[in-house]
Amino acid sequence: MDKSRMVPVPSNAIMPERDIDKTPILETHHLGIDFGGLTAVDELSLTVGKTEIAGLIGPNGAGKTTVFNLLTNVYQPTRGTIMLDGKSTARKTTAQVNRMGIARTFQNIRLFNNMTVLDNIKVGLHNSINQPLGASITRLFGYRASEKKSREEALQLLSFFGMENMANMQAGSLPYGAQRRLEIARALATHPGIILLDEPAAGMNPSETAELMENIRRIRDEFQIAVMLIEHDMSLVMNICEGICVLDHGKVIAKGSPEEIKANPAVIEAYLGKKKEAN
Amino acid sequence: MTFLSNLINGISLGSVYAIIALGYTMVYGIAKMLNFAHGDVIMVGAYISFCATTYLNLPPIVSVVLAMIVCTVLGVLIEGLAYKPLRKATSLAVLITAIGVSYFLQNVALLIWGSNPKTFSSMIHLGSVSLFDNKLIITAESIVTVLACIVIMIALTVFTKKSKMGKAMRAVSEDKDAAELMGINVNVTISVTFAIGSALAAIAGVLLCSAYPVLQPTTGSMPGIKAFTAAVFGGIGSIPGAMLGGILLGIIEIFSKSYISTQLADAIVFAVLIIVLLVKPTGILGKKITEKV
């Protein structure tokens, strides 16, 4: 590995004060990926604090979802490193990275539609439930105890989102807003240190968005984890994010607090285009 | 009475197809591939139990367990050596590999056991049941086959519905990438599926050869193809579908043999498949595939 890629970058002061002095939950150093000749993401250096709500914004096609795919090792980075809670995620599989403490939701909902709501959560709980393969066949050796434990934890997660009455419904038959919540609950079931939300407010009306904002804050406060979200709804981002990173054409064009981002001319230009000079 | 006896024979043969079809359908549902070597795993299972009883004088039940263990290891090996490296390859490449593995197994069996058919002595040493003043005789093989099929069906349904591994299997079958992002090791899940399918193939091999006692290296291929047909017939990817498809196929085959023509029986079986697929392309219990835009 090239040594220059390992140089830590200063956090750029987007880490909230309560997380300073702690190991950041997520760091990327000069992260980049090429698809053939096309550089999709380049020189991405980020730091997310242990209990930070961070935002990743940028115009369409800026490479935001690609960043999420890099962070979860769906794509292998061409350059740079990712550190999750101080440990490198290089050469890990997607499932291993999840077990290291990163969970995510998807831009277009990807629930297990033919399974019940409860079973969707139990899939998320897969690695925290210790059930030997033989146990489920013989129904001995703590099968019942482990099933009961996973059921209880799953119901607890559902009640966090006010969905305990939907436990036995098919995930695919839920209304849209509930599917979005279930996807977050399923990701939380994997006991992550950071949860990545890909456009969680997409297709939501203002009151649903307000509820989502409340939920994101509650997730951070009650689970004491970091949240990183991709979102186009600027009122949501500016309202709840403590640190924001703006991406355009695969490169970071600005990092900082919501106030700093709002005032940054490069950001305004990326979103609205360059103002013509009046003659 | 002949009708009843044909029906029982049909259900019994169909149960064997159903057990084999479960292997096809589970592997298809989870790994999204057609494992055409599955039929030959049946043949290996039958040879192992044949050797265990004939040369080692082991009791039948031990020989069946031994066959299951060997087939499980074989299934996991085939998956790990032949299919796993092709996980990201086109489905056509995997299909051709599966056909290659099938011929490989047949030829290895030819080398080890030779081309002379072996006479497989039934593993089931129970008397047959006679009803209606000996007008209807049900063989012990039929009874055991049907019972085995029912037990396997129930066990598999409970396993996939209730257990942690079963849930992981269903999750991988629905969305492999999302399951992986939830921390599920997809490779382990696929290996377990192959292990279960191959253990079932061993049972099917013993049951098949107990009823039709000729054992040669190609013994598995025709039942394999028919069980694949049964899986498609019932709706591939669906466990109850494989069961229903297998039993219906067995009944159709036996009835065609006794009422229409022995030579034409196989042709009729496959003609029925074509008709079903024309009317209902996803099979009897197949799920409708709807693509959201």
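Author: We can begin with how an angle between helices is read: axes are lines fitted to C-alpha atoms over the stretch in contact, and angles run from 0 to 180 degrees between N-to-C directions. Please keep in mind throughout that this is a predicted model.

Reader: What makes H5(B) roughly antiparallel to H8(B)?

Author: The axes of helix H5 (residues 140–162) of chain B and helix H8 (residues 186–211) of chain B come within 10 Å and cross at roughly 170 degrees. Angles over 145 count as roughly antiparallel, and H5(B) is therefore described in that way relative to H8(B).

Reader: Which residues meet between H5(B) and H8(B), and how do they divide into nonpolar, polar and charged?

Author: On the H5(B) side they include Val144(B), Ala148(B), Ile152(B), Leu156(B) and Phe159(B), while on the H8(B) side Ile196(B), Leu200(B), Ile203(B) and Leu207(B) are among them. The residues of this contact divide into 10 nonpolar, 2 polar and 1 charged.

Reader: Why are S2 and S5 of chain A said to stand at the edges?

Author: The open sheet of 4 strands in chain A has the order S2-S1-S4-S5, with antiparallel pairing. Strand S2 (38–48) and strand S5 (87–88) each have a single partner strand, so one side of each is left without a neighbour in the sheet.

Reader: How do you know that S1(A) and S2(A) are paired?

Author: Two strands pair if DSSP finds at least two bridges between them, and 7 bridges join strand S1 (residues 26–35) of chain A to S2(A), the two running antiparallel. One example is Glu27(A), whose bridge partner in S2(A) is Thr47(A). Helix H1 (residues 64–71) of chain A packs on this sheet, touching S1, S2 and strand S4 (79–84) of chain A, and its direction makes about 115 degrees with that of S1(A).

Reader: What do S9(A) and S10(A) form, and how many bridges join them?

Author: They form a hairpin with 2 residues between them, and His249(A) in the turn has a positive phi of about 50 degrees. Strand S9 (residues 243–248) and strand S10 (residues 251–256) of chain A run antiparallel and are joined by 5 bridges, with Leu247(A) having Val252(A) as its bridge partner in S10(A).

Reader: Which residues lie closest to the centre of the second largest pocket, and what is its volume?

Author: Its volume is about 920 Å³, and of the 37 residues that line it, the closest to its centre are Arg87(B), Lys88(B), Lys176(B), Glu180(B) and Val186(B). The lining divides into 16 nonpolar, 9 polar and 12 charged residues.

Note on methods. Residues numbered from 1 in each chain as written. Chains lettered and ligands numbered in written order. Predicted model: local features only at pLDDT ≥ 70, side-chain atom pairs only at ≥ 80, totals over all residues. Heavy atoms only, no water. Contact = heavy atoms within 4.5 Å. Parallel < 35°, antiparallel > 145°, perpendicular 65-115°, else oblique. Nonpolar A, V, L, I, M, F, W, Y, C, P; charged D, E, K, R; others polar. 1 Å grid on protein atoms, 1.4 Å probe; cavity = no way out; pocket = protein on both sides within 12 Å on 5 of 7 lines; lining within 4 Å. Points joined across faces, edges and corners; volume = space filled by probe spheres on them.
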